[in-house]
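Please walk me through this structure, starting with how its chains are arranged and then turning to the place where they touch.

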Number of protein chains: 4
Amino acid sequence: MLILMKSNPSKEQVDGVVAKITQLGYKPHLIPGEHDVAVGITGNETALDPETFIALDGVKECIPVTKPYKLAGRAFKKTDTSFQVGNATFGPGSFVVIAGPCAVESEEQTLRIARAVKAAGAAVLRGGAYKPRSSPYAFRGMGVDGLKILKLASKETGLPVITEALDPESLEKVYEYADIIQLGTRNMQNFSLLDLVGKLDKPVMLKRGMSATIEEWLQAAEYIMSGGNTKVILCERGVRSFDTNTRNMVDLGGVLAVRNLSHLPVCVDPSHGTGKRFMVTPMSRAALALGANAVMIDVHDRPAEALCDGPQAILPDEFAELVKTLRQLAPPLGLKLA
Amino acid sequence: MLILMKSNPSKEQVDGVVAKITQLGYKPHLIPGEHDVAVGITGNETALDPETFIALDGVKECIPVTKPYKLAGRAFKKTDTSFQVGNATFGPGSFVVIAGPCAVESEEQTLRIARAVKAAGAAVLRGGAYKPRSSPYAFRGMGVDGLKILKLASKETGLPVITEALDPESLEKVYEYADIIQLGTRNMQNFSLLDLVGKLDKPVMLKRGMSATIEEWLQAAEYIMSGGNTKVILCERGVRSFDTNTRNMVDLGGVLAVRNLSHLPVCVDPSHGTGKRFMVTPMSRAALALGANAVMIDVHDRPAEALCDGPQAILPDEFAELVKTLRQLAPPLGLKLA
Amino acid sequence: MLILMKSNPSKEQVDGVVAKITQLGYKPHLIPGEHDVAVGITGNETALDPETFIALDGVKECIPVTKPYKLAGRAFKKTDTSFQVGNATFGPGSFVVIAGPCAVESEEQTLRIARAVKAAGAAVLRGGAYKPRSSPYAFRGMGVDGLKILKLASKETGLPVITEALDPESLEKVYEYADIIQLGTRNMQNFSLLDLVGKLDKPVMLKRGMSATIEEWLQAAEYIMSGGNTKVILCERGVRSFDTNTRNMVDLGGVLAVRNLSHLPVCVDPSHGTGKRFMVTPMSRAALALGANAVMIDVHDRPAEALCDGPQAILPDEFAELVKTLRQLAPPLGLKLA
Amino acid sequence: MLILMKSNPSKEQVDGVVAKITQLGYKPHLIPGEHDVAVGITGNETALDPETFIALDGVKECIPVTKPYKLAGRAFKKTDTSFQVGNATFGPGSFVVIAGPCAVESEEQTLRIARAVKAAGAAVLRGGAYKPRSSPYAFRGMGVDGLKILKLASKETGLPVITEALDPESLEKVYEYADIIQLGTRNMQNFSLLDLVGKLDKPVMLKRGMSATIEEWLQAAEYIMSGGNTKVILCERGVRSFDTNTRNMVDLGGVLAVRNLSHLPVCVDPSHGTGKRFMVTPMSRAALALGANAVMIDVHDRPAEALCDGPQAILPDEFAELVKTLRQLAPPLGLKLA
């Protein structure tokens, strides 16, 4: 932590800050300037809270030096995390393609699409049984029945399944049926849910909040990891922006930033990220070329009939074509499609 | 709903759209242009989902005409909602000042501050017992013990109490002890929690999500209202922005927009909205002059010791001064401080 | 400047940074931590450029301590700037109402509206002769003819005139005819134009850029002031946001931030800021209550015929009503309407 | 244009709108609903201005159907624009690598870097002689001397040169020395400059404004094209965002959106877009895989000494490595490095 004092602080003000630091058991370092004075703090083992100091008399600003996350950051774990789910490896050297319908609508629909994405080369099956919807009047998912259908599709295709949990109740069910638990963008800071997921022994995909900073995202991961669950996949799904030509703004620079700060694998969701079918294929290629560890793609064979997010689903044929291209792009980047 | 076809659509494409509309029991209206064709839809009683049409062949864009909320909007209820909590009226002609510590830290601290804000003219007491915190390592509130302290402070001062619920568990407790249930910015789209709150018979303050549009905010209110609970207070608390000089960007234009679209009372939170003590007083004055129905203010007598958000709390003396000014500004605006 | 080194830096890396600082004639201050090392710099008289250090081996981050503006900031001028234009005082204790048509459309229209706003209590007349327009096909203003009309209206009403300059050519003309030169949001970082305006001896209103930080805004003011022209009025006109219910997001917290950092007077433009007629009156009241020094308001008596921005212009009657209210709100705030 | 009337409009209000449309020579189409009424307009050849109608009595909203740009859009030119500069083809099937120092600092530095990027495979040389800088006290470029150095480097390496013009004065010089004229993000809506550039016969690279929508960007291109200059390259260089881990947020979804709406070639600037050296290589690969037509990269052999933007420049070796990878990724995408 570095504390910047207001211009020309009084001796009393500086002494007060120094005393507070000493009293907390840390070591103050005075940096006197022409008009400005700064005080550095060392000796702390975890991140200090700026609020401890900002309200002291004469203090202008508190600049954290230690990161407010520990388990999620690279400070204590330099090497990339890597783990296996089914045949898919989330980690360096591997690129995982997750695909399936946005929502489970029926057994028939889900099996049909699951077979198609398996044939095309997907390594994990996606599908929503509990759907967070902006409007209370929209289709909110099939619930447990949807989970059972996913299980069936998983058995038939051999693909592990990822699906979203919304609250303690659905989490219990999702844990029972799924291989990876997904937490959505609106729940990134649902701290009670993060606490619960942290106690489970299944991998978690944590989507970035609608306008979360990289730091908030990693702190949310820290909630899960501090509970004991270290198998966290981060997922960039676009952030809120001022432009209406895309549903969200996919922040690939943010993917690079988070991979630099954290050892966790990062997935990109080009479907929810762009919200437009014609953007999904090129954005998936970009995610691979950038160095993301996975993509998660909405596929639907009858998008006009989809109960949810039809406009962003690609057709099974387009998906197969995309996977073919990804396979060609992977080797020069030292990657293998899982 | 208005459907815009892609340039120079084929007859088949237009016919397909018309057929879909007719099949759903609505009425299509063709608007042929030079190169562009649009199809209007009438006959629907609630908002149509753009997704029903966007994936049809030849469709470029779907523009909703009916709003996706009904109970929260003015279409079916023109007059402003107004209700009473203790002596405070949330509704036209009245301006409610809510104040208290950000977090309940001890009985002594809470009673001390409660007495001070009561003396200065607050009509409702605020104080957090369950605190959502970005970091898992930060102080997360006193829980039920905090609620009991709030109850005590309420009894002594006669002020009704508002406090935040985070999840189903804390909601049960908050419902038992508080007069107004607060849902925080991170929970604005926690749809399960909205559903639960919708079934309760106590007023709810719904804070705007970190980067929620006005429409999403009203849809969140619609969740609560569609459950039967119509006593909803909207609370603007600043949105995420690119500038770091304020903690959030207080969107007073958004307050005007939401008051224009909805009959619900709107509160402004200048403390969390700005995050800076010196901004709280002027922003509170601006909220009143703008036409907001309430303000909610962090007050702390020892901000340097506050366990949470000390930098944005104003002192009891500043608060008293502020209320005095608000009382002077109210009459020309036809307002009475509750 | 504070330099943070990457975790566990080598002695060579730290020595390299220290050497660079010493070589530039400044004084390094080492702050060693458990894993992190920071180096403070003192002895510099103006702000250091982070770029001088960031690319050195082992450097993680450079945190500026000295502000990158000097003349615009409070470090060297504590007291608020105040100056007179006609009968209007831009400075503490005074609140200036600027009003008039968005664009000069004809002599008749401008005189008509000028008389109306003068009668209602405006202190400065606004009106655009050169209009920046997003589309090349839109009405771009009357040019010099418009300036002559403004001059005429100024003579008749006795009101000083503010109007926008777009480029070196129009600036020359505007300087000849106007009392205050306006620089628009799209030109806030038109550095060549800022340089030119800095050499003139007429007051300048500098609108905040579409998504400018407070710091960039003050640096733009610094361009003008470093040329010798210190009569700068800052104008908040709303920033770009994700919500489409308002044209821009008026950042009143930003007004407080800039007034805290700078001694310059600050105006609010509720017309361009909100883009909606019904928001102009309440937002103007809020600007006064907040502590802004002025408002600038679009007034038009026939908005449906306006060639530019009709939807945000208020009628002369509404304007008169607004000024009446502002007069009532001013005294409790220690303000006088200019 | 589609006009939405307020709820339950009176017959007079609807008739007023219909009359206005008829009077302008267009054709009105009534779409009556339960409570809402819409009026479609056809018969217009260019985009209508919403302002013509929004202020009419009873009108709630005006929704444009025709795009406000014509020459830049695909409505009147379906096939992608393609043109040659030196050996570089800006257009389909080709991927152009532009590289060089951010700023021209000396003849020696520029020649050294020019040789290196040529050897590595760059097709165009970049380098700034006129630099827009946030602070008036920063290095603002070598001016004409810098242009002469660029010309020299161009002669020696055979690479065409791109460099930025800031204002009418520098534009004249840049036109004389450069092969492609660059307009920076801060000048995207400098309409006078766009007008001037529109009359020149050299290709123009138009960077996207700091927070410009896709539509504003294309309208800015329309300014240039309506002057007669149709050789416009759009350049995405990141937009302003709330996250501070990257300098700007690179909007690759925006690149897809603009390529969908326009036939113009699109370049990505990963250096200014991310502001971080370690992000430049992966972001460049992503740009190619996405389908951009070019990248523009800051290269510097002594970044610690760079006078401008050192932290985002990559080393010549890294650049050579990057070009090698791009060459491997191009064929599966049907691309050839220019």
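Predicted model: local features only at pLDDT ≥ 70, side-chain atom pairs only at ≥ 80, totals over all residues.

Where the chains touch, 44 residues of chain A are in contact with 44 residues of chain B, contact meaning heavy atoms within 4.5 Å. Because 100% of the interface residues of chain A are also interface residues in chain B, the copies meet through the same surface. The area buried between chain A and chain B is about 3,400 Å², and carbon and sulfur atoms give 46% of it; buried area is the accessible area (1.4 Å probe) that two parts lose on being put together, summed over both.

Between chain A and chain B there are four salt bridges, each a side-chain nitrogen of Lys or Arg within 4 Å of a carboxyl oxygen of Asp or Glu. A salt bridge joins the side chains of Arg140(A) and Asp195(B), at 2.3 Å from N to O.

Residues are numbered from 1 along each chain as its sequence is written, and chains are lettered from A in the order in which they are written. Local features need pLDDT of at least 70, side-chain atom pairs count only at pLDDT 80 or more, and totals for chains, interfaces and linings use all residues, while side-chain values use heavy atoms, leaving out hydrogens and water.
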